[in-house]
Amino acid sequence: MAATSVTDEKEPQAAPIDDENEVDDSDEEGGAEVPAANGGHGEAKKKKKKKKAKKKKKVEQGDPPRTGLSKVYPGGKYPVGEIQEYKDDNAWRTTSEEKRHLERLAMEDPDMTYENIRRGAEVHRLVRKHARKFIRPGMTMTDIANGIEDSVRALVEENGLESGVGFPTGLSLNNCAAHYTPNAGDTIVLQKEDVLKVDIGVHVRGRILDSAFTLTFEPTYDKLLEAVKAATDTGIREAGIDARLGEIAGAIQETMESYEVEVGSKVYPVRAIENLSGHSIDLYKIHGKKSVLLVKNDDQTKMEEGEYFAIETFGSTGRGRVVESGDVSHYAKIYDASHAPLSRLQTAKSLLKTITKNFGSLPFCRRYLDRAGESKYLLALNHLVAQGIVQDYPPLCDTRGSMTAQFEHTILLRPTVKEVVSRGDDY
């Protein structure tokens, strides 16, 4: 999801479908009567023709994509992400039979299997491919969000807390870097000059795929996008088992801040946003305990085998620091809120039941509460926030007039290799 605010803490394309992923589309050929001479008698004999090979037909996505992936991949094997081998002291892992055995064990565990995150990644690739085609200036932010989330729900075959949207679709504009999605009644319309961050989440059995990209519709800020994409790729390259978070941050900053953007007669340096970060991802918990900052620091914490990380970077033409600004749309039930006193407000108790049933500890937004049938809930929701049961995540913005961009991938630190599970042909 959108970035962790440090101050507040508050692909390859789908592999060709093989036989396992194809469906039968033909009927068996029956026998036919043919005349046959039989000792000069004109008796007819039945002679069976050879059966024709069954024709196979690939299951293909429509436009917009709405075919659940279990129908496209009935064998449950999804495309593998980009593989990057570990380097230096960890190069031995690539050929280690012991580490390969650990991966085989993981694949046999329904909660640990890599197929869950790969399924989410393939959903993400398909959804963002369509989003890049349909998002155009003149559309409302609500229509954009609904179009993306309808595709996610269909492709991942939404099923309660088993599979669905990983978090509200982020559609932060211009100087707003993160944590904006439209609430009901939002009338903002996308403009040609806007810089739009598209942050999409998909989850399967609580394994959250978190990946984001930035769209522009004219070339003024192309260099900003280039800087942030390059910085994200640097972070991915430097990430790995035993890599120190502070050193990864330094490499990200060095790449990001080697760029500048020319707007009219002015030149703006690209700054890494110092109080946003990437993060580890736990089951049903988008922000784990580890943060990958975007500026060099002394954090000696190491990445570890088996961890998932969202490597996301944000660049800005402004001061490179965000503050909370605007109406809140993002919320999440605090993962361990057992210490918080139970609310005495009856409407808050009822709302909490809805939140727990539909989202658990996954992030949600007001539109999702509307969809779940809730109404007139704002007082109760604010009460749950005040009680320390639900966390609110206000929009995070740099100075007005500046522009921000974001690129993000989810990586998996497998025992033998690093897998950039969300990688695609686009970024």
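Me: How are H5 and H6 oriented to each other?
Reply: In this predicted model, the axes of helix H5 (residues 222-238) and helix H6 (residues 245-256) come within 8 Å and cross at roughly 155 degrees. Angles over 145 degrees count as roughly antiparallel. H5 and H6 are therefore roughly antiparallel.

Me: Which residues of H6 make the contact with H5, and how do the residues of this contact divide into nonpolar, polar and charged?
Reply: H5 contributes Ala227, Val228, Ala230, Ala231, Thr234, Gly235 and Glu238. From H6 come Ile248, Ala251, Ile252, Thr255 and Met256. The residues of this contact of H5 with H6 divide into eight nonpolar, three polar and one charged.

Me: Is Thr234 buried or exposed, and which residues does Thr234 touch?
Reply: Thr234 is found in helix H5. Its relative accessibility is 4%, and buried means under 20%, so Thr234 counts as buried. Leaving aside residues up to four places away in sequence, Thr234 touches Ala251, Ile252 and Thr255.

Me: What is the orientation of H3 and H4, and what is the handedness of their crossing?
Reply: The axes of helix H3 (residues 115-134) and helix H4 (residues 141-155) come within 10 Å, crossing at roughly 150 degrees. H3 and H4 are therefore roughly antiparallel to each other. The crossing of H3 and H4 is right-handed.

Me: Which residues of H4 meet H3?
Reply: On H3, the residues in question are Val123, Leu126, Val127, His130, Ala131 and Phe134. The contact of H3 with H4 divides into nine nonpolar residues, three polar and one charged. On the side of H4, the residues are Asp143, Ile144, Gly147, Ile148, Ser151, Val152 and Leu155.

Me: Which residues does Ile148 touch?
Reply: Ile148 is one of the H4 residues that meet H3. Residues up to four places away in sequence are not counted here. On that basis, Ile148 touches Val127, Ala131, Phe134, Ile135, Thr169, Leu171, Val198 and Ile200.

Me: At what angle do H7 and H9 pack, and how is H7 oriented to H9?
Reply: Helix H7 (residues 346-358) and helix H9 (residues 378-386) have axes 9 Å apart and pack at an angle of about 80 degrees. Because angles of 65 to 115 degrees count as roughly perpendicular, H7 is roughly perpendicular to H9.

Me: How many residues of the contact of H7 with H9 are nonpolar, polar and charged?
Reply: In H7, Thr347, Ala348, Leu351, Leu352 and Ile355 meet Ala380, Leu381, His383 and Leu384 in H9. The residues of this contact divide into seven nonpolar, two polar and no charged.

Me: Where is Ile188, and how far apart in space are Ile188 and Thr142?
Reply: Ile188 has its place in the loop between strand E8 (176-178) and strand E9 (195-204). At 35% relative accessibility, Ile188 counts as partly exposed. Not counting residues up to four places away in sequence, Ile188 touches Met139, Thr140, Met141, Leu173 and Tyr180. Ile188 and Thr142 are 46 residues apart in sequence, and their C-alpha to C-alpha distance is 8.2 Å.

Note on methods. Residues are numbered from 1 along each chain as its sequence is written. This is a predicted model: local features need pLDDT of at least 70, side-chain atom pairs count only at pLDDT 80 or more; totals for chains, interfaces and linings use all residues. Side-chain values use heavy atoms; hydrogens and water are left out. Contact means heavy atoms within 4.5 Å. Axes are lines fitted to C-alpha atoms, for helices over the stretch in contact, and angles run from 0 to 180 degrees between N-to-C directions. Helices (H or I, at least four residues) and strands (E, at least two) are DSSP runs, numbered from the N terminus. Angles under 35 degrees count as roughly parallel, over 145 as roughly antiparallel, 65 to 115 as roughly perpendicular and the rest as oblique. Ala, Val, Leu, Ile, Met, Phe, Trp, Tyr, Cys and Pro count as nonpolar, Asp, Glu, Lys and Arg as charged, and the others, Gly among them, as polar. Buried means under 20% relative accessible area, exposed over 50%, partly exposed in between (1.4 Å probe, protein chains only). A crossing is left-handed if the near helix is turned anticlockwise from the far one by less than a right angle, and right-handed if clockwise.
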